[in-house]
Amino acid sequence: MSTVLLGEATGISILDFGAFLDGSAKQEVASAMLESFKRIGFVYLVNHGIPDAKIRDMFDWSRRFFALPMDVKQLAPHPPSGTHHRGYSAPGVEKVVQHVYDERSLQGLRAKAPDVKESFECGWEQSATMPNIWLPDGVLPGFKEACLDFYWTCHETELNVLRALALGLGIPEGHLLLHHNAHDNQLRLLHYPSVRAQDLQDAKIARIDAHSDFGSITLLLQDAVGGLEVEDPRHRGTFTSAPPVDRALIVNAGDFMMRWSNDVIRSTVHRVRAPPGRALPDSAGTAEGGHGMTPERYSIPYDFSAVVECLPGTYSADDPPKYEPISAQQYILQRLAATY
């Protein structure tokens, strides 16, 4: 019986990543992680190396930031273009879509069901291509420092996940790290305000519509509310809940990892909806039949990407590369531009 597979949550493996970090079962963890990525594109990791205290503190900073008055949050405004993905975006500004690039179609989707969420993005402080946008000095002191510290904490976990994935693929453990050395990563704070559950069910509004992630890997921390749903790769259009698992980090593969692995690894479509069975009473005191209010939700994704061509061992004479080499920046900027 496996000592690293702790169970499953709606088909997604829950693994003890500590056995990779301490070296006691590196290959077993790596193989189990790859198997979950191949099957559904997601995996839960416990003992992942990000201290619980840092996670609690970052969620606390996130709540403090989003509790600020709107005019204060707008002092760190996200630029009008999605290609400079930094700073604060108010509810309804960003609309996540899946491969829709026509301006008229995008406007129609935005008008039909705006994304009712707000976000703050930051990244490498020394980036010349995508500089950070912070609140002015003296507004929420310590927020900038907390974000940057957590960014680098996630970066260390990123490197360990990439080492494990390489080992699972049967290539040198440091191979993927060679392609992730530009710090083109993003720490994203998300807040989903409480909304009418019926409006979500009727698609009058959205939290995040069905989409795949752009980059190679996403690390996701979510609070206890839930709402994340993952599409069943065998039954398109069928989504199942990916519930919060105590002290677990969710890791999912993005489009670039799927491309990089010649489709060995899945980039699975997912979305955020109303958490099952968590409706709160509305102003009339009703929570039944979808008429209640969904609880607010907080999450912290950390995304990273690379320049990709097919990895060794994922193609052969009988199964040649399906994709040409491509720059992550080229693809991701196109996807980001469509969200604003």
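Mentor: A residue is called buried when its relative accessible area is under 20%, exposed when it is over 50%, and partly exposed in between (1.4 Å probe, protein chains only). Helices (H or I, at least four residues) and strands (E, at least two) are DSSP runs, numbered from the N terminus. This is a predicted model, in which local features need pLDDT of at least 70 and side-chain atom pairs count only at pLDDT 80 or more, while totals for chains, interfaces and linings use all residues. Residues are numbered from 1 along each chain as its sequence is written, and side-chain values use heavy atoms, with hydrogens and water left out.

Let us begin with helix H3, which runs over residues 52–66. The expected span of a helix is 1.5 Å times one less than its number of residues. For the 15 residues of H3 this gives 21 Å, and the end C-alpha atoms are 21 Å apart, which agrees. The buried residues in H3 are Ile 55, Met 58, Phe 59, Trp 61, Ser 62, Phe 65 and Phe 66. These residues lie on the same side of H3, because they cover an arc of only 155° around the axis; the arc is that of the directions from the helix axis to the C-beta atoms.

We now turn to the rings. Rings of Phe, Tyr and Trp (its six-membered ring) pair if their centres lie within 6.5 Å; planes under 30 degrees apart count as stacked, over 60 as edge-to-face and the rest as tilted. Twelve aromatic pairs are found in the whole structure. In one of them, the ring centres of Phe 120 and Phe 143 are 5.2 Å apart and the planes stand at 65°, so this pair is edge-to-face. The two residues are 23 residues apart and link distant parts of the chain, with Phe 120 in strand S5 (residues 118–122) and Phe 143 in helix H6 (residues 143–169). Both Phe 120 and Phe 143 are buried, and the relative accessible area of Phe 143 is 2%. Phe 143 also pairs with Trp 134: their centres are 6.4 Å apart and their planes at 80°, so this pair too is edge-to-face. Trp 134 is likewise buried, at 15%.

Taken together, ring pairs join Trp 61, Phe 65, Phe 66, Tyr 88, Phe 120, Trp 134, Phe 143 and Tyr 298 into a cluster. Among these residues, Trp 61, Phe 65 and Phe 66 belong to the buried residues of H3.

A charge may also meet a ring. It sits over a ring if NZ of Lys or CZ of Arg is within 6 Å of the ring centre and within 35 degrees of the ring normal. Arg 63 lies over the face of Tyr 298, 5.0 Å from the ring centre. Elsewhere, the charged end of Arg 271 sits over the ring of Phe 239, at 3.9 Å from its centre.

Strand S5, which holds Phe 120, also contains Glu 121. Glu 121 counts as buried, at 0% relative accessibility. A polar contact is a pair of N or O atoms within 3.5 Å; within protein, one must be able to donate a hydrogen and the other to accept it, and residues adjacent in sequence count only if both atoms are side-chain atoms. Such a contact, of 3.2 Å, joins the side chains of Glu 121 and Ser 119.
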